[in-house]
Amino acid sequence: QEVVEPICHDIETDLRLHVHSAHLKGAVNVNPTKTGVRDPSWFLKIKPLRLLSSFIHIKSRVEVYLNAAFYDHAAVALHNWKTYNEMKNIAELKYGLSLDAIHLPGQTLEQGVDVLEIMRNIHIFVACYTYNLNTQVFVERPSNARNRKNLNTVNVKHAANSIRTHGIGIMSTTVNFAYQFLAQKFLVFSQFLFDDHIKSRMVKEQRFYKEKKLQAESGYPVERAEKLNKDIRKLGVTDDGFSFLDQFRRLIAEMGNALGFVRMVRLGGLNYCTTACGSLPMTKGFEEAAKTFFLPKAGIDAGLILDKALESQNLSVNETDYFAILTNIFSQELKGNDNIHLRDFFLLVPALTINAADAILQSKEKLHKRGRDAVNATFTDDGFALGIAYILKVLDQDKQFDSLHWFQSARQHFVAERARLEESLDMDSTGSGMNGLQAWSQKLASLSKEEAQNMQMVCLL
């Protein structure tokens, strides 16, 4: 009571001041000339004292006190576990105390959506979330069923927290679930292109492609892509106003979202491994060290196991390794004679990009609306671009799509159209009046958005 307890309280108070000094900003002023300086570290260096039949080790008693205090406080307020973990690290550096880790469940308040639950319901997740390729974030789509002011997001940190909770084995399981999901979607993908109405239009596009032998100067005409988009829409629309091409685009976007989920989980695994390996020694060769110190066979075997465990934490593996597995599996299956109707898919990509550009513009316009008008409002849908790139890779149609020179043609078309509208606006400024000027300005602004959207599609693909 006179020695040990005051030392424990003083060390805990000192650690708290260290951690919260940035937030206190001078609220607690310590003047050593008035209050004096107390250094309890000297007591921690005292060897165990023997009193009759018992030993008293002050350092061990302080460690027990801090372990209990940190665990109890962190268990009451789970969101403060990082603060107590930082205090533990400072205690080890400043006082040489060997404290236990903050052994708390991984599902804290900042856990967010559990990746394991997403993986089990991946078909629902990819349909209800949109993917952002640059920030590695999934954003929930607004819907009538969930008319609320906030939306859920899933990012790399959530994946890292889930891996810390369930173990690194869920990364391989994620690839298995993604494979099963993609296999189902490729079946629907094949059925769409096998449809007689779509197949007949693809035959026309293939004939045009062989006759014209497109060059970089001309490229695939934008007018032809727009016409194909309108022709497919004439086949019919759903109750929600989606054409067959809209549904096909969403199918490709869902496949891209599944691939984006695999990529995000992979990055979450790298994040977790990087954090977990921060305490590992840089040196290897524990097996050789055990032999050097003439340890028994059990010690040498333990060193060998430890070396293998350290080698398995290979953080330099590129995240595209999983993509290579998923690409090779489907590439072998889809190149047979039974899937010969898939060979013209690259000719449908220009119409799909036009359809995607129109869809993303309509979605962005709904962001400022509320209620039923805000359904399907979103600012990003990079799953479509990722899905297109993946399917072209699986079908080995990259070079054929490049031969269309589609993006060069689209860029030239929209730049020329904008210049023509600007010229028409100057010529029409005297005759049409203010209403005509406003109409031309709105049309010009809309065209600029389409051009920007096509530039974004170029970058993503």
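The structure is a predicted model. Its chain of 461 residues comprises 20 helices and five strands.

**Chain overview**

- Of the 461 residues in the chain, 40% are buried.
- Among contacts in the chain with a separation of 6 or more, 75% are accounted for by residues 24 or more positions apart.

**Helices H10 and H11**

- On the H10 side, the contact involves Ile198, Arg201, Met202, Lys204, Glu205 and Phe208, while H11 contributes Arg224, Leu228, Asp231 and Ile232.
- Classified by residue type, this contact of H10 with H11 has five nonpolar and five charged residues, with no polar residues.

**Helices H4 and H5**

- Helix H4 covers residues 58-76 and helix H5 covers residues 81-95; their axes come within 9 Å and cross at roughly 165°.
- With angles over 145 degrees counted as roughly antiparallel, H4 and H5 are therefore roughly antiparallel to each other.
- The crossing in which H4 passes H5 is right-handed.
- Phe70, His73 and Ala74 of H4 are in contact with Trp81, Tyr84, Met87 and Lys88 of H5.
- By class, five nonpolar residues, one polar residue and one charged residue make up the contact of H4 with H5.

- Serine 363 is located in helix H16, which spans residues 349-365.
- The relative accessible area of serine 363 is 12%; because buried means under 20% relative accessible area, serine 363 is classed as buried.
- When residues up to four places away in sequence are not counted, serine 363 touches Asn376, Ala377 and Thr378.
- Threonine 380 lies 17 residues from serine 363 along the chain, and the C-alpha atoms of these two residues are separated by 8.8 Å.

Key. Residues are numbered from 1 along each chain as its sequence is written. This is a predicted model: local features need pLDDT of at least 70, side-chain atom pairs count only at pLDDT 80 or more; totals for chains, interfaces and linings use all residues. Side-chain values use heavy atoms; hydrogens and water are left out. Axes are lines fitted to C-alpha atoms, for helices over the stretch in contact, and angles run from 0 to 180 degrees between N-to-C directions. Helices (H or I, at least four residues) and strands (E, at least two) are DSSP runs, numbered from the N terminus. Angles under 35 degrees count as roughly parallel, over 145 as roughly antiparallel, 65 to 115 as roughly perpendicular and the rest as oblique. A crossing is left-handed if the near helix is turned anticlockwise from the far one by less than a right angle, and right-handed if clockwise. Contact means heavy atoms within 4.5 Å. Ala, Val, Leu, Ile, Met, Phe, Trp, Tyr, Cys and Pro count as nonpolar, Asp, Glu, Lys and Arg as charged, and the others, Gly among them, as polar. Buried means under 20% relative accessible area, exposed over 50%, partly exposed in between (1.4 Å probe, protein chains only).
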